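Please read the points below with the sequence and the model side by side.

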Amino acid sequence: MAKFRTERNRSLESLMDMDKSVKVANQAVGNRPRKMSPGHGLEFSNLSYTVMKQQKKDGVKITKEVYLLNNISGQAVRGEVMAILGPSGAGKSTFLDALAGRIARGSLEGSVKIDGKPVTTSYMKMVSSYVLQDDQLFPVLTVFETLMFAAEVRLPPSISRSEKRKRVFELIDQLGLQSATHTYIGDAGRRGVSGGERRRVSIGVDIIHKPPLLFLDEPTSGLDSTSAYSVVEKVKDIAKSGSIVLMTIHQPSFRIQMLLDRIAVLARGRLIYTGTPTDLPTFLSGFGRPVPDGENSFEYLLDVIKEYDESTVGVDPLVLYQRDGIKPDQVARTPVPKAPKIPNTPFRKTPVSQHFSLRSQLFSIGNSTPRPDHSYNVDDDDDDYDKSLERKIATPMHMQMHTSASFNPRLASHFYKDFSVWLYNEVRGTPRRPPTWTPVRTPGLTPAKTPMTGPRSYVSSRQAKPARIKTPAPVFTPAEIYQASYEEMNMELVLNEPEHRTKFANPWLREVAVLSWRNLLNIIRTPELFLSREIVLLVMALILASLFRDLGGESLKTVSRLLNFYIFAVCLVFFSSNDAVPTFINERFIFMRETAHNAYRASSYVISSLIVYLPFFAVQGLTFALITRYLLGLNSSVIWFWLILYASLITTNAYVMLVSALVPSYITGYAVVIATTALFFLSCGFFLKRTKIPGYWIWLHYISAIKYPFEALLINEFQGTRCYNGTIADLSPGPLGDLKFSDLHDKFASANCTLIGDDILSSMGFQVENVMYDIAILLGWGVLYRLFFYVVLRFYSKNERK
């Protein structure tokens, strides 16, 4: 039996809390949160979320469906801050994601409503903002520029720029950032704002447009107590302006707890307590575990949760007391700790499961008779499932009897009436009109799932596991739920789009202009993004000019040197673009945060990132073309030379951006880009002519992005009837290989003209001798890469759970 703690070490904070408790309690009486009422604010009912987990047991790999959220109901109203608390792994962030629509459709059970009306995921993202736990901001922008950008993309064009600036300065005053207005955000390599100021900037970015709903994931994580209190104080002010604010918080201090209007405490994905912080001691006293003198009530509740969680009964007594008011007797108040696990050995096998009955704990409501026997199977490895519960896959007999007893013929008629609606929902997605029959609205103690024909787990199903019981939220009576479910639901409409508002605040062209402005600032203030590649091309152009020297001669020895120079020039351009790999990887989470709630379109981001880099690519290509063209004495047209390099830089940048969007880290990105560029290099026609490549690899020759600029550069250099003198032996060794004369050879060749320019192109296997043709195909690949980049951003770069 666990022993009660008779003495506690009182920390300085606990002693200070005791002195302030009377004063704060008196203030709380005047600021007591409003009473919960249906049809107002954000309502959530019977939210459950399961995932499949794999584990090895006794050498056999099994798969179980486990709960990360289990039957959570409640309400958050306007003007109040609702905090989601609990121990580590309790499901706080998962619960916040479920409310914010960040869990993939079809994976989440239950309903979420705003002002009594069901909402779609797209609607929730339009009317809410989500502040991530990590501050994803551009380090080279100032606080004012960061908030001003948010105002430009979040506020409609009907609001003038002066009005937007005014709102930004008002927000800076509200967040207490006056002293850091023109300070850079900074990062690990740049001095910038403090951690608390950075967190407030992150909040400001998502509230500049005054969203009705605000979600914050661990806004005080990593902050000292003073900064954490300041952040929550600002969040409280935001709620007072009329917003619904929900946030997760791990270990709030006493001062922060008193700022909270309502709290929801989770453990193992189940609701342990919901109410005001001041009512928590009363809740614990009613449960039979009064808060000792000098203890922080929330910290004591965490101790109680841990004590029950590590016992044989788990957190079920706390859940039942919160949900149904079932009070445990003296025996249940002192749970028995679990026996220590003994590793499996060849001489001893751990039983798959152990059985116990809650009936033995004598749960009762007041002095009433004991409840029916609720038997559970506790698996020895439950702790290995992220403190979640294994999903029950069978319904006990007494539950089936209860369900039959409460059978309502009207329920069955509604089911058959709306069968076509359900079928349409499965095929086409969420219907405009919700069905009038839903499992989450069943009155009374109706099991959430009907018994399945087969077990959901691959482990043996010989021992049936009871289904969880879904009960209505405490604020409603069964009669009220019955009326709302079956009589009024036909008139209920799903909220899909806010009135008088489009999905995005600004038109597409304005988004492109604003994003281009921000990208330009990032490039100017991060000169290494441009100068590093410019310096590489400049230095390498000078080195090549000194190595190859005069390439304007007419001897056959010059031909091989020209071929070597041009293939190296193309590869230099492609490999110099690899420095763009970290560019999008560093911005990816910022992009996901901003687009998750419709700040701008993915297409606007793709186009703006191209537009800003176009002039820089032009300068880089022109630098290399001018130096090599005139120092080496090339015969090619400098304009075409520059255009080919320019198109190559555009295409390779698009390819690198696509790879960056697909890979998880820049290390993997570098590996993929280098490997694929090497393949393009190998199959471009320099080492292996098109006719020498095996048939099953010929497709690689045509998708090689190096083939087209290499071919265009050679056409620009050799096209025509210019003569090259010497012996055929001067071409060996070299990449030209077997000679293949062109149609013009017999007409222009002579004793003083061994080969003409077209003979070289013909020997290289080029079929179409047109520079524009190769440039068009090269740019076409660039457009295709950008299109794939957009598809990845639009459909696969989503920050949501599966």
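1. The largest nonpolar core has 90 residues, of which Tyr566, Phe624, Phe710, Leu714, Phe718 and Leu793 touch the most other members; a nonpolar core here is a set of buried Ala, Val, Leu, Ile, Met, Phe, Trp, Tyr and Cys residues joined through side-chain atoms within 4.5 Å, and buried means under 20% relative accessible area, with exposed over 50% and partly exposed in between (1.4 Å probe, protein chains only). Helix H22 (residues 638–662) gives this core its largest share, 14 residues. Apart from it lies another core, of 61 residues, including Ala83, Leu214, Leu280 and Phe287.

2. This is a predicted model, in which local features need pLDDT of at least 70 and side-chain atom pairs count only at pLDDT 80 or more, whereas totals for chains, interfaces and linings use all residues. Residues are numbered from 1 along each chain as its sequence is written, and side-chain values use heavy atoms, with hydrogens and water left out.

3. Leaving aside neighbours within four places in sequence, Phe710 is in contact (heavy atoms within 4.5 Å) with Leu563, Tyr566, Ile567, Val570, Cys684, Phe686, Met764 and Phe766.

4. The protein chain comes to 28 helices and 17 strands, these being DSSP runs numbered from the N terminus (helices H or I, at least four residues; strands E, at least two). Of its 802 residues, 53% count as buried.

5. Helix H18 (residues 528–548) and helix H21 (residues 602–631) pack with their axes 9 Å apart and at an angle of about 10 degrees, where axes are lines fitted to C-alpha atoms, for helices over the stretch in contact, and angles run from 0 to 180 degrees between N-to-C directions. H18 and H21 are therefore roughly parallel to each other, a label for angles under 35 degrees, with over 145 roughly antiparallel, 65 to 115 roughly perpendicular and the rest oblique. Among the residues that make the contact are Leu537 and Leu538 of H18 and Phe616 and Phe624 of H21.

6. The buried residues of helix H17 include Glu511, Arg518 and Asn519 as well as Val512 and Leu515, and the buried residues of H17 pack against helix H4 (143–154), H18, helix H20 (581–595) and H21.

7. Is Tyr130 buried or exposed? Tyr130, in strand S6 (residues 128–131), is buried, with a relative accessible area of 3%. Beyond its neighbours within four places in sequence, Tyr130 is in contact with residues including Ser93, Arg102, Asp206 and His597; the C-alpha atoms of Tyr130 and Asp206 are separated by 7.0 Å, although these residues are 76 residues apart along the chain.
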